[in-house]
Amino acid sequence: MNGRAAVRGPWRIGLAGLGVVGGALLKFLAEQPDFAPSGERAAIAGVSARSQKDRGVDLSAAAWFDDPVALAGSPDIDVFVELIGGSEGPARAAVTAALKAGKPVITANKALIATHGLELAKLAEAQGVALFYEAAVMGGVPAVKLLREGLVGEHVQSVVGILNGTCNFILSEMERSERGFAEVLAEAQKLGYAEADPTTDVGGFDAAHKIVILAALAFGGAPNLGAAEIEGIAAVDLIDIKLARELGYRIKLIASAEREGTGASIRVNPALVPLGHPLAQAGGALNALFIEGRRIGRFYMQGPGAGGAATAAAVAADIADVIAGARRPVFQRPAGDLAPLKGADRAGHRDKAFLRLMVRDRPGVIAAVSEALAKAEVSIDSFLQKPVEDSGHVPIVLITHPASAAAIAEAVDHIGALEAVVERPRRIRVARI
Ligand SMILES: NC(=O)c1ccc[n+]([C@@H]2O[C@H](COP(=O)([O-])OP(=O)(O)OC[C@H]3O[C@@H](n4cnc5c(N)ncnc54)[C@H](OP(=O)(O)O)[C@@H]3O)[C@@H](O)[C@H]2O)c1
């Protein structure tokens, strides 16, 4: 399984991608080459990146490859580590080439595993080599090993958490500094918390990649991005954050997967979390996860979901597993037995919703809103009306009792059509946690 024909000196690592995580892995291996429990050493034998700039570590003993695919197939490496990123292009080509060449592969690439996990797992298992990806989910927090190994045999019911540090930072900072989304996003980009193109993070796609991987491990399928319902944070307004807080909630980007029959309900969306809940307390760039199982009940983990050093530590743990000759399927079961996890029909789901309206300041508006809700058979759990704003409009917020998405959508349509309502109501789910 570990791909080495015979023991001969240090394990030769081929590393493609020398950025935030790859650069941190270079430092890790330079400082602690004998970190594996067996005491065997690991050394960088070949590297590939776009440019040959100085990475702050002596790479004179490592061969340079312009093409990561050539590095992946090189006979002079024992393990291929992919830290380029992206579901297609060089990352996918190089991982495929390494597996075809019979090399164990380690990657932090959630986009790749979420999109092509089953095909790569089949290839790895047919070749009898490891494909490990601990760093792909929750960075330095070992969520993958926990679900795949620590909870093997457990009947996991749900995994729910905060899986994108960039969105968590932006939402936390909007609340703390009372600034709007665009301003805080620009700051996050300056601080290096957000990419120049932030779509993958703020659109909810990165969290979706991670939750579909966790769902596959938790419920015994292969990752299926198509089963996830995805909504990002770009439409969350500062006013929603402030009003939610007055009602005792904090808005978080929640990623959740709940077992349903032979499939799972998988969602990423902004959601209201009660202020006292641990997920509401996980601020800044933290990641956090609740796992609930039939025998273990519920437990919670929280930690650094990103950052070079923390993520490189997870990559190193995978290297140690390869050195130890760990043998296990890529997901919970051999890939040949797996099908993409089925999505669930959500028609019967009932969630509470936060609805925020802007209305004209005139008598009878509240009665009209109540009537519109009643028409859709949605009832009100709590209600808040704020003083008139400079614009002459009044913000009204209500939290509904649990109702189906269709009923809430109907209520939003009825309310939006009222003459006194000046803009389409904003709907945000209340998290089921
Ligand atoms: N950053 C985190 O905290 C974090 C956490 C968990 C998982 N991850 C995952 O780890 C992976 C790497 O992320 P990162 O943040 O380290 O990315 P990054 O800083 O952007 O680094 C990407 C690296 O890939 C190299 N690269 C790009 N295209 C290439 C090509 N065609 N051939 C060879 N090398 C190429 C770049 O070369 P140059 O340096 O020459 O431009 C760079 O060294 C991604 O899958 C990401 O999702 C990251």
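Begin by selecting Pro 340, which sits in the loop between helix 12 (308-323) and strand 13 (342-343); helices (H or I, at least four residues) and strands (E, at least two) are DSSP runs, numbered from the N terminus. The model is a predicted one, in which local features need pLDDT of at least 70 and side-chain atom pairs count only at pLDDT 80 or more, while totals for chains, interfaces and linings use all residues. Residues are numbered from 1 along each chain as its sequence is written, and side-chain values use heavy atoms, with hydrogens and water left out.

With Pro 340 still selected, note that it counts as partly exposed because its relative accessibility is 44% (buried means under 20% relative accessible area, exposed over 50%, and partly exposed in between, with a 1.4 Å probe and protein chains only). Now display Leu 118, Ala 222, Pro 223 and Asn 224, with which Pro 340 is in contact once its neighbours within four places in sequence are left aside; contact means heavy atoms within 4.5 Å.

Next, select strand 16 (residues 393-400), which is largely enclosed by the rest of the structure because seven of its eight residues are buried. Bring in strand 14 (residues 353-360), which pairs with strand 16 in the antiparallel sense over seven bridges; two strands pair if DSSP finds at least two bridges between them. Here Arg 356 has Val 397 of strand 16 as its bridge partner. Strand 15 (residues 380-385) also pairs with strand 16 in the antiparallel sense, over five bridges, and the bridge partner of Ser 382 in strand 16 is Ile 399.

Move on to helix 10 (residues 238-246), where the buried residues are Leu 238, Asp 240, Ile 241, Leu 243 and Ala 244. Just after helix 10, Gly 248 takes a positive phi of about 95°.

Two further backbone stops involve residues other than glycine. Met 138, in the loop between strand 6 (131-132) and helix 5 (143-150), has a positive phi near 60°, and Met 138 counts as buried because its relative accessibility is 0%. Finish at Glu 178, in the loop between helix 6 (165-177) and helix 7 (181-191), where phi is again positive, at about 55°, although the residue is not a glycine.
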